[in-house]
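Me: I would like to learn how to read salt bridges in a protein structure. Can you take me through them step by step?

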Amino acid sequence: MKLQSHSHSAMACNDSRLFRLGGQEISRNPPLPLTLRKPPRRLCTVQCSHSNHSLPYPPSLSIIKSTSKVFSAISNSLPNIMSFLTSDSTKMEGSDFTEEVTEATEIYINAIGKKKIFVAGATGSTGKRIVERLLAKGFRVKAGVRDLDKAKTSLPQDNPALQIVKADVTEGSAKLADAISDDSEAVICATGCRSGWDLYAPWKVDNLGTVNLVDACRKLGVKRFILVSSLLVNGAAMGQILNPAYIFLNVFGLNLIAKLRAEDYIRESGMNYTIIRPGGLRNEPPTGNLVMEPEDTLYEGTISRDQVAEVAIEALVRPQASYKVVEIVARADAPKRSYGDLFSSITQR
């Protein structure tokens with residue numbers, strides 16, 4: 001696999017040719033990148049009012065100490081905690097190992113609380129893997145789904161830590177806020193639009209749907225947001241406009257451009273975010289080690305959905321992942337590295 005870095009400058013463009021869709025203004029003719037000169041990093045910037053960065057998530061250990069019920073939850077989840085601690089991709093010896101275990105213990109204890117993790121797109125191929133792994137690690141989960149009947153066959157039905165609720169991201173932020181409610185600590189967005197003849201579908205799901213989720217979180221005061229996006233969303237600025245994957249993923253409704261605009265909205269929201277851009281998604285188990293690079297670096301490669309789910313959960317509990325965009329693929333010849341090391345290697349922009 002080839003890894004390539006690209007420098008770029010951030011610019012914003014205004015397009016007055018707007019129309020309303022689902023209560024939101026979007027461009028009637030989304031701007032296409034220029035082929036004869038280097039395009040800007042962002043094809044369009046969504047402006048919104050927001051406050052300064054909130055206090056960092058996860059909550060401090062002192063909050064947990066004040067709640068005896070949480071200590072009970074931690075005690076009951078001890079086997080899952082130990083499983084989580086030993087699942088890191090790098091095994092270390094001596095003081096290094098002790099330091100990593102101590103750090104992971106504090107991270108996981110801080111992440112456990114009486115609130116839930118809301119997963120949007122929970123019945124999707126990646127979303128259901130995220131739900132399953134969150135439950136396995138001892139989290140309480142609220143699964144947001146469009147089809148409750150489908151959820152009965154694709155998600156666990158006998159786990160008291162799982163709550164399934166109807167949540168369609170295209171129906172607006174008010175309904176989503178009711179679904180997420182004030183018992184959710186963080187949101188993981190794993191929604192996705194299937195390719196088809198409805199050219200507005202990517203904008204309704206991958207763009208406006210994500211915007212609705214962010215707005216719902218801001219109304220509720222939810223501080224942490226994880227988005228599963230896609231490699232090559234900014235392919236035009238990377239000089240990849242003729243990349244077959246970039247062409248294919250944009251041919252039915254400009255999917256990647258819709259995702260890029262959603263990413264921009266998250267960045268402007270003031271929330272503590274992590275945006276994950278995976279390569280081509282495979283349903284098979286992992287066959288290689290994780291490669292993590294900064295935004296607008298990778299332009300090819302694949303990865304198992306299982307690994308994407310793990311990265312989303314690790315991003316949720318590791319402060320090194322805050323306010324970052326990461327691109328991930330898997331390679332058989334890549335060295336094994338801990339998640340802490342991987343996220344720490346990515347600088348904020």
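**Reading the salt bridges**

Reply: Look at Glu310 and Arg133. Their side chains meet in a salt bridge, 3.5 Å from N to O. The pair links distant parts of the chain: Glu310 sits in helix H11, Arg133 in helix H5, 177 residues apart. Keep in mind that this is a predicted model.

Me: What lets side chains pair in general?

Reply: Side chains of opposite charge can pair when their charged atoms come close.

Me: How many salt bridges does a search of the whole structure find?

Reply: The search finds 16. One of them joins Arg129 and Asp306, with the closest N and O atoms 3.0 Å apart. Arg129 belongs to helix H5 (residues 127-136) and Asp306 to helix H11 (residues 305-317).

Me: Is Glu310 buried or exposed?

Reply: The cut-off for buried is under 20% relative accessible area. Glu310 has 19%, so Glu310 counts as buried. Arg129 is buried too, at 13%. Asp306, at 14%, also counts as buried.

Me: Which residue does Arg267 meet in a salt bridge?

Reply: Arg267 meets Glu295, at 2.6 Å from N to O. Arg267 is in helix H10 (residues 255-268). Glu295 is in the loop between strand E10 (289-294) and strand E11 (302-304). The two are 28 residues apart. Arg267 counts as buried at 13% relative accessibility, and Glu295 does at 5%.

Me: Which residues do shared partners join into one network?

Reply: Arg129, Arg133, Lys137, Asp306 and Glu310. Salt bridges that share partners connect them.

Notes: Residues are numbered from 1 along each chain as its sequence is written. This is a predicted model: local features need pLDDT of at least 70, side-chain atom pairs count only at pLDDT 80 or more; totals for chains, interfaces and linings use all residues. Side-chain values use heavy atoms; hydrogens and water are left out. A salt bridge is a side-chain nitrogen of Lys or Arg within 4 Å of a carboxyl oxygen of Asp or Glu. Helices (H or I, at least four residues) and strands (E, at least two) are DSSP runs, numbered from the N terminus. Buried means under 20% relative accessible area, exposed over 50%, partly exposed in between (1.4 Å probe, protein chains only).
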